[in-house]
Amino acid sequence: MRGDEQTMATVPAFPGRRWLLPSAVAVELDPDAGQAGRRRPRRTVRDWIVDFSCFLLAVAIGLAVADTLSDDQELPHAVVVADQLLGALSCAAVWLRRRMPLALAAATVPLGFLSTTSAGAGTVALFTLAVHRPFRYVAWVGGIQLVLIPVLMWVRPDPDLEYGPALVWTVLLTVTIIVWGLFVRSKRQLMLSLRDRARRAETEARLRAEQAQRLAREAIAREMHDVLAHRLTLLSVHAGGLEFRPDAPREEIARAAGVIRESAHEALQDLREIIGVLRAGQPDEPGRPQPTLAALDALVAESREAGMKVMLDQRVTDPAAVPASVGRTAYRIAQECLTNVRKHAPGAETAVTVAGGPGEGLAVTVRNPAPEGDVPLVPGSGQGLIGLTERATLTGGRLLYGPREDGGFEVRAWLPWPA
């Protein structure tokens, strides 16, 4: 899973059509762009086409203006040549528009007073500035250019238009270029923001999946503790009986050996089931059916066969009607409590009471008197009750436990049972 995620994270966006994207966008979509050690992104095929088109546009506008200069008999020939030379240099500088958009746009503002053939390069430079730089730079350069347009139209008048129409046309053209460039920039930023939003959504989905998997593993760990603690306690009780009563009747030895064999077999099946769930990654679809409240009679019978004194007071008319999650939780509570009685109060008579109905909830009570004699302390005591409290809380119920006045112990749980 980790390897697949890392592979997916390093796959660039649009791997087969990167030449259709601007380099400024492609470098943002490339996760390894910051690791390549490049100071600036390399031009894509689309960039070369756009740059060549901008260069041709600047040259075409410059040639059109140069024809008007050649027809003007009042201008000296040296001025016309200098104007065209500056225009040619400005057209050549268009190829630097991606590397230095601000410097190029700022340089074309005073250049417009010296060379009218540089008007095409100034148009391209202003558009590039609006696309590649924040709005504050566009506001400064564009504002200065709009302020100087009336002066420029007075110093370098248009030979074909009067002052008023030429001024209005130039202002509208400048504003249109700025708005178009800002639109292109906002469109690119929208694309990048959608990309970031999609990546955040994928990350959140992966985190939710990992959290769900962690919660499922914790639930499996609780199941493992409840089930194996019960099985291993049975094994310990019967093995201890065989150890301390080697002269027991043959029938009792055979019965204890049968219980040990069955408990070991059940514990092995439970371990196989848990390992299979962990490997398959499908904790919600276990292979074996989970016990519910209807299996409580079998649990009590199994404990009685192990030598315990258990009294079951089943006040639920139809245990099969109890919701599966509630019934499974009630079964695990009773199972853990019987396991604790065998460990901490062996030989004590245990009373298990289950009562309730739809709409009023399901109450489970397990109590036992004080043990006879001293019982050695079992390491790790109390962990099972903590797990039961958490299990009951997750189902929307509650669980209380503690010693009684007579020295015994009592566990009381209430679980919701919807009407």
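# Sheet and helix packing, by question

Me: Which turn residue has a positive phi in the hairpin of strand 2 and strand 3?
Reply: In this predicted model, strand 2 and strand 3 form a hairpin with three residues between them. Strands here are DSSP runs of E, at least two residues long, and helices are runs of H or I with at least four, numbered from the N terminus. One turn residue has a positive phi of about 90 degrees, and that's G359.

Me: How many bridges pair strand 2 with strand 3?
Reply: Strand 3 covers residues 361-368 and pairs with strand 2 in the antiparallel sense. Pairing takes at least two bridges found by DSSP.

Me: What stands opposite M311 in strand 2?
Reply: Numbering starts from 1 along each chain as its sequence is written. Since you'll want the ground rules too: local features need pLDDT of at least 70, side-chain atom pairs count only at pLDDT 80 or more, totals for chains, interfaces and linings use all residues, and side-chain values use heavy atoms, with hydrogens and water left out. Strand 1 (residues 309-314) and strand 2 (residues 349-357) run parallel, joined by six bridges. L312 is partnered by V352, while M311 faces A351.

Me: Which strands are the edge strands of the open sheet?
Reply: Five strands make up the sheet, in the order 1-2-3-5-4, with mixed pairing. From one strand to the next the twist averages 10 degrees, with angles taken between N-to-C directions from 0 to 180 degrees and axes fitted to C-alpha atoms, for helices over the stretch in contact. Two strands pair on one side only: strand 1 and strand 4.

Me: What angle does helix 11 make with strand 3 where that helix packs on the sheet?
Reply: Helix 10 packs on the sheet too, touching strand 1 and strand 2 (contact means heavy atoms within 4.5 Å), and its direction makes about 165 degrees with that of strand 1. Helix 11 touches strand 1, strand 2, strand 3, strand 4 and strand 5. Its direction relative to strand 3 comes to about 5 degrees.

Me: How many nonpolar residues are in the contact of helix 6 with helix 7?
Reply: Helix 6 (residues 119-132) packs on helix 7 at about 155 degrees, axes 9 Å apart, so the two are roughly antiparallel. L126, L129 and A130 in helix 6 meet Y137, V138, V141, G142 and Q145 in helix 7. Two residues of the contact are polar and none is charged, and the nonpolar ones number six.

Me: How far apart in space are L152 and G112?
Reply: L152 sits in helix 7 (residues 135-155). Setting aside neighbours within four places in sequence, L152 is in contact with G112, F113 and P157. L152 and G112 are 40 residues apart in sequence, and their C-alpha to C-alpha distance is 7.6 Å.

Note on methods: Parallel < 35°, antiparallel > 145°, perpendicular 65-115°, else oblique. Nonpolar A, V, L, I, M, F, W, Y, C, P; charged D, E, K, R; others polar.
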